[in-house]
Amino acid sequence: MKIVVCVKQVPDTKGGVKFNPDGTLDRGAMLTIMNPDDKAGLEAALRLKDQYGAEVTVVTMGLPKAEEVLREAMAMGADKGVLVTDRVLGGADTWATSTTLAGAIRNLDYDLIITGRQAIDGDTAQVGPQISEHLNIPVISYAQDIKIEGDSVIVERQYEDRYHVVKAKMPCLITALSELNEPRYMTPGGIFDAYKADITVWGRADLKDVDDANLGLKGSPTKIAKASDKVRKGAGEKVTLDPDEAVSYIVDKLKVKHVI
Amino acid sequence: MNLEEYKGVYVFAQQVDNEISSIAFELLGKAKDLAKDLNTEVTAMLLGSGIKGLADQLAEYGADKVIVVDDPELKDYRTEPYAHALASIINQYKPEIVLVGATAIGRDLGPRVSARVATGLTADCTVLEIGDFPLQAMPGQEQLHNQLLMTRPAFGGNTIATIACPYNRPQMATVRAGVMQKIDPIKGAKAVVEEFNPGFTPDNKYVEILDIVKSVVDTVDIMDAKILVSGGRGVGSPENFKLLEDLAEVLGGTVSCSRAVVDSGWKPKDLQVGQTGKTVRPNVYFAIGISGAIQHVAGMEESDIIIAINKDADAPIFDVADYGIVGDLNKIVPKLTEALKAEIAASK
């Protein structure tokens, strides 16, 4: 079985967000990590590899520095890494990103493609389903459990108040929730091998069946009109009171506001 | 693509178990505003099996027209038949704007359909308005009018971006649940109902549903609650949430929580407020023992009144609270519950 996993290198928002003096994000000052949902997707692929045997190829699109997440993935147990990087691919929205990744994946053999549900920087959850559309294969989003049965996958697909047990013939694309599993750590031997391993680097010319009109900033149908820091409602009153005073204070406010 | 051909504001009227989801009514409310600005009509797209009878409800919430695709293939949500139906409607009717709820269904359906009809899609919008692109006239670039401007948070709520889709149609957005306002239903309103049959030819993309497992939810949806008593890690233990439950009960409210509480396994995910949980805007939001990480604040800052109780005077929750009390929740909350009980009894 051949599995392709798409991963993204993202700024680590947990460590706090840093801004430039002009208010834009200072990406250089923020640590980067493998996007958590993607890491769960990779772990799911590695578990399928452990259980059924599989070749796991990790694909990322980004700046040359994004090679780091490929090496991390290989240190966890992925077999191959493909970095898709090219100036003309920059500034892509989800349409152009999914077009690019689909163009790269067309060069690979696959039974299963796993992506994370969404990345913590954009939070769109769109790239996975859009890749599946470009490749004309079924998609199962929001996977909380994945099993293989013959030539099919059986997936628990999460909704707000239920889950569906869904069966799809491979090839198929699955988007993974971080609740899916607890990703493994890199092994020392894995890290050693991963830093020696060859990474395949593809540019625009290597993408298959892709029109220039659908790539990069120019090929993105959505355009940013304005971006800014979130303007938050200002702080109200802050008081330090002993418990009885605090209770009267809250009760008064609720009365004034006609809540009680 | 002749952009002028595309007319009307269309809403995906999500239903589950043949019951229209609240998000569909919220989208209709917003669609009505947008349609007024564009001097056009609101159309609801209702997909399912045995759902024709639901069209009147959509009319009551603002739909001028309802396009119904009623087919057994659409009984329970599956990406392909739904995407096929929606993309077929778009290709046939050429809407200018298509709104889809940013639900577990819409966030799968929206991207699949937008890729099929080759247009842009903006995710999880919180503000939609009609305006110009670019916002200010710029030399050498034509300023387009009557564009859908879609505003959304990104970076876990740290930034907001306003996005347009000026050269493709339809302009598509998924919209966060709980953000847009429904209109008061107009009793007896009728819409023009049109049945549409795109034809369904099952193939590999029509996945098979083997089983449907519903989670047992015995609480009110926190998105519908008028008063939320929300607890964070500072509550200390799952048992200690009893204090919050007692307070909620007195006020006729509901308990919700922060992500830390869900991650610790103290409360189920459907009670989580925040970027990766639900967006709420109750009349009163009590933030108790919640530090106020930006991801949490993104999900509750639109609440009418925010009351925070936290022993850490520097907790960021105080930056958004209308009334912040620095103190020990274990001492304050039980006394508050008793005091409110007395107040409410006295006012009866």
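Predicted model: local features only at pLDDT ≥ 70, side-chain atom pairs only at ≥ 80, totals over all residues.
**First selection: chain B as a whole.** Select chain B and display the C-alpha trace, which spans about 65 × 55 × 45 Å along its principal axes. The chain contains 8 helices and 18 strands. Its radius of gyration is 22 Å, which agrees with the value near 20 Å that a compact globule of 348 residues would have. Colour the chain by burial next: 54% of its 348 residues count as buried. Among contacts between residues at least 6 apart in sequence, 65% join residues at least 24 apart.

Select residues 79–93 of chain B, which form helix α3, together with residues 106–116 of chain B, which form helix α4. The two helices pack with their axes 9 Å apart, at an angle of about 50 degrees. Because of that angle, α3(B) is oblique to α4(B).

**Third selection: the residues in contact.** Which residues of α3(B) meet α4(B)? Show the side chains of T79(B), Y82(B), A83(B), L86(B) and A87(B) on the α3(B) side. Facing them in α4(B) are D108(B), L109(B), R112(B), V113(B) and R116(B). Coloured by residue class, this contact divides into 6 nonpolar, 1 polar and 3 charged residues.

Conventions. Residues numbered from 1 in each chain as written. Chains lettered and ligands numbered in written order. Axes fitted to C-alpha atoms, helices over the stretch in contact; angles between N-to-C directions. Helix = DSSP H or I, 4+ residues; strand = E, 2+ residues; numbered from the N terminus. Parallel < 35°, antiparallel > 145°, perpendicular 65-115°, else oblique. Contact = placed C-beta atoms within 7 Å. Nonpolar A, V, L, I, M, F, W, Y, C, P; charged D, E, K, R; others polar. Rg over C-alpha atoms; globule rule 2.2 N^0.38 Å. Buried ≥ 20, exposed ≤ 12 C-beta atoms within 10 Å, placed from the backbone.
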